[in-house]
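Good morning, and thank you for making the time. Please have the structure open as I speak.

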Amino acid sequence: MTTESDTLLGVRDLRVSFRLDKHGKQPDFEAVKGIGFDIPENATVALVGESGSGKSVTALAILGLLPPENAIVLPGSRIVYGGRNLLELPKNALRDLRGRDISMIFQEPMSSLNPVFTVGYQIAETLRLHMGLSSRQARARVLELLDEVGIPDPQAKSSAYPFQLSGGQQQRAMIAMAIACNPRLLIADEPTTALDVTIQKQILELLAALQDKHRMSVLFITHDLAVVGEIADRVVVMRDGGIREQGSSDQVFGNPRDSYTRALLKCRPPLEKRPQRLAVIEDFMQADIPPPEPAERRRGVVGSEPVILEVRNLGKSFFTREGLFGKREFKAAHGVSFKLPRGKTLGVVGESGSGKTTVGLTLMRLHEATAGAALFEGRDLFSMPEAEFKRYKRRIQIVFQNPYASLNPRFTVGQILSEPLSIHGIGSGDAARRRLVDELLARVGLSEAAYHKYPHEFSGGQRQRIAIARCLTMKPDILICDESVSALDVSVQAQVLNLLQDLQDEFGLSYIFISHDLAVVKYMSDQVLVMNRGEVVEYADSDEIYLRPQHPYTRKLLSAIPKAGQRIRRQISPA
Amino acid sequence: MNTLTIATPTSPGLWALAWRRLRSDRLAMAALAVVVMFLLTLLLSATGIVAKNWDAEVGVNYAPPAFLGAQTAEERGVQGIDAAEEAPPENPRDPLGPILRQLRAERAAAAGATGSTGGAALDDYGIVDPLAREIAEIRGGQGARRAEAVQEKRATLPFGADKWGHDIVLKTVKGSETSIIVGLAAALLATLLGTLLGAVSGYYGSWVDDFLNWFYSVFTSIPYLLLILAVAAVLQQKGVATIVLILGLTGWTGVYRQIRAEYIKHKGREYVLAADAIGASNLRRMFIHIFPNVSHVALVQLSILTVGFIKSEVILSFLGFGVPVGVASWGSMLNEAQNELILGKWWQLAAASAAMAVLVTAFSLFTDALRDALDPKLK
């Protein structure tokens, strides 16, 4: 559908390096290694890659927003827009172009909006600066724009501050600001990554509709190939600063030529079947022939399994002070009941604010339960004294969401893994403990050299392996995984999910698997608990949930899962 | 793209990385060299290798610095005691002169005639003085010592002398020892107090935090100098230990607020939750998990306080609430210099101020660089 003539912007042989230290002791890091692609008029181009692939650097280079102190655009690179090379434009000409012809929306709507100005003011500012509108004209246009991006009651919302809007509305406001001057190119850098799946779907629909209506082009940057399948005309797959594959959406999704692209498509857990193991990048990169389809894994409970943990009516409320003596109760979770059979996985799924994390933390007594009981081998975990609970602590462990935050940055990996051993008196003597730690490191796929290193020297996936190893030191019976793979790239996510499955097979662990990602939960779990606003709305076998969802909320979650290659309807729905 | 993991053969911790950043900062290294020089001098003087005899009266009173040359007696202004004791030369125009001479001659004749005194000295009125021998002995001894002293006392010293003839260079070295020790010890005490209270307050929250905050607010509502003077009045004794206590007990508030804020921030972090999950006790979480992550804040505060307390000691001693008389410190030197300036003796003031200015400037520059090195994101 595109020809050479209707190219809006062309990237030619773009190479960007970063200076790592000012004395030149370390060689420069080449982030983008000579890439080239076109953005046609009136089309959506998706730039897909995992972290470190150079996709964001490319976007920043187009906008001229690379950090000047250490980024070097190597000679010979060109970004052609309207017959001019953007890399050679003087600063003010480029600034003129930015915001008017080319605009951008970012991943975190909350931090991209200035918290001390109203939303309306911030949009109007763009209009006054670039379009030369008067305040009155700008105000009228702001209302039109807010209406166009589907924010209800534009009059009221235009005088609201960013924190008064929900995450989805904030992103809509950012989009309104970006399209305010009718740009010809909209660059969207991971615009839905920070949002819930149902909101993500709405924003994708909105972007698709706006692109169609304004006949602009969109450069959509994301790490998730599945997301762009619904809106992209063309797809560019990047890895390690180079382009692995580019082509029309149908071709890339229907008939991917590159092994890396195939791997990316395969390593997301599929909804309709459950392979024994997920495919990982290495499977595809080593052999050029696709690996054979693995056998199906059976999940589900029959009802006769021994129950290791029974939770009855768990409730957790938070209280905020109101006035002098009053307090307001906020029910983060209430009436949550389930049975966890030994060696099985219970998935807990829900959007942000549904109370799923609260359930996990309360079971660990990291929050104090306000109601209910948790029977572990017949003993109530919530009512026993702290000293007695310490013995149970080592039998229930938790892996947190953010591997960058859950490891103490001042501890070496060795210290992190030895600490639980010394606290609980596991292993006799330092030598025995060291041996145990080394074994565990090997088990989670890290080398012994990791022992003396600090967490910051590892990638996200490796850190999550360290966090898992820390739990395993205590040989727990139950492992709570609180969004443990959400912060990871899809390919790394597949590796960690495989590791978790292997560990379950090997040690007979029981998992409580908490996630917002229904596809991952469905793949990992025997039973699924769907939560919304602190309450359980559905509790059934995972296949049952997927095939015959009972509750409308479950159906809504299922329909929001992005399906590669299926174009979405282009029509704006309200937030 | 936000994390570039670079494989390094060794694994530098926070401090190694900070040191690496600090080393590439030339100004910081120069400042550090000055500070280290002061600390070395302090060490030498505290162990008695240098400036042990700083209170020996090695020069004449107010001996000027060598580069100004010796002063004449008139320039010195004040007559030395030895000069006053010397027998005054005969004044030919003294009207009493002849009468006195006659009186002495008569008395000598009488003594020779009677011989009744048995060689004992008679005073001017012819009465036997029972203490005469002892006085003569003391006089003789004094004379000998005075002769010695006059022999050793020098007219000039490298950077002059004070009222008593103490060498200013040695006195400044000794004064630096006192001032820096007071500054460091008081800063350590204040940082320790502030860190402990801040950690407890921030970590436990609820009523502990309320109580400590209330205490802090009351404490800071008292004007600082008044508070110091009040504590000084309560402690009664003057001495280096007292002033360390005064400064330490009044100076913890800034550290407290900073550390408290850090603990509030850190206690909800996932790594602390993870430590809770593996069964680490409260104390363990507070001091083994969180403290290493906030220790750089305490270190920077320690450094800032040291500079502040060195200055506070100077002010207190200058006002007369500081170190006791007879102990050299920059503050007591400045205090003495008040009176000397009227006489035009500026060198004690110059020496103390220069030493203080150099150290405080170097220490402040080093503190800034240290903060940047420990928290590069702040820059």
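How many bridges join strand β18 of chain A to strand β19 of chain A, and in which sense do the two strands run, parallel or antiparallel? Strand β18 (residues 478–482) and strand β19 (residues 510–515) of chain A run parallel and are joined by five bridges. Helices and strands here are DSSP runs numbered from the N terminus, a helix being H or I with at least four residues and a strand being E with at least two. Strands count as paired if DSSP finds at least two bridges between them.

Before going further, a word on the model. It is predicted, so that local features need pLDDT of at least 70 and side-chain atom pairs count only at pLDDT 80 or more, whereas totals for chains, interfaces and linings use all residues. Residues are numbered from 1 along each chain as its sequence is written, while chains are lettered from A and ligands numbered from 1 in the order in which they are written.

Let me return to the sheets of chain A.

Another open sheet of chain A has four strands in the order β13-β12-β15-β16, and its pairing is antiparallel. Here β13 (326–341) and β16 (379–380) of chain A take the edge positions, each with a single partner strand, so one side of each has no neighbour in the sheet. Strand β12 (residues 307–322) of chain A is joined to β13(A) by 12 bridges, running antiparallel. Val311(A) has Phe338(A) in β13(A) as its bridge partner.

There is also a hairpin to consider. Strands β10 (residues 234–239) and β11 (residues 242–248) of chain A pair over six bridges in the antiparallel sense. Met238(A) is placed opposite Ile243(A) of β11(A). Two residues lie between the strands of this hairpin, and Asp240(A) has a positive phi near 50°.

I turn now to individual helices. Does the length of helix α16 of chain A agree or disagree with what its residue count would lead us to expect? Its 15 residues, 429–443, should span 21 Å at 1.5 Å a residue, and the end C-alpha atoms are 21 Å apart, which agrees; the expected span is 1.5 Å times one less than the number of residues. Gly445(A), which follows α16(A), has a positive phi near 90°. In chain B, the 12 residues of helix α9 (residues 224–235) reach 17 Å from first C-alpha to last, close to the expected 16 Å. Just after α9(B) comes Gln236(B), with a positive phi of about 65°.

Next, helix packing in chain B. The axes of α2 (residues 26–46) and α15 (residues 347–374) of chain B come within 8 Å and cross at roughly 135°. Such axes are lines fitted to C-alpha atoms, for helices over the stretch in contact, with angles from 0 to 180 degrees between N-to-C directions. α2(B) and α15(B) are therefore oblique to each other; under 35 degrees would be roughly parallel, over 145 roughly antiparallel and 65 to 115 roughly perpendicular, with the rest oblique. Residues of α2(B) in this contact include Leu27(B), Ala31(B) and Phe38(B), and those of α15(B) include Val358(B), Phe363(B) and Ala369(B). Contact requires C-beta atoms, placed from the backbone, within 7 Å. The residues of this contact comprise 14 nonpolar, no polar and no charged. Nonpolar covers Ala, Val, Leu, Ile, Met, Phe, Trp, Tyr, Cys and Pro; charged covers Asp, Glu, Lys and Arg; the others, Gly among them, are polar.

Finally, the interface. In all, 19 residues of chain B contact 34 residues of chain A. On the chain B side, α12 (270–277) and α13 (282–319) each supply at least two residues, and α12(B) gives the largest share, six residues. That side divides into 10 nonpolar, six polar and three charged residues.

Technical notes: Contact = placed C-beta atoms within 7 Å.
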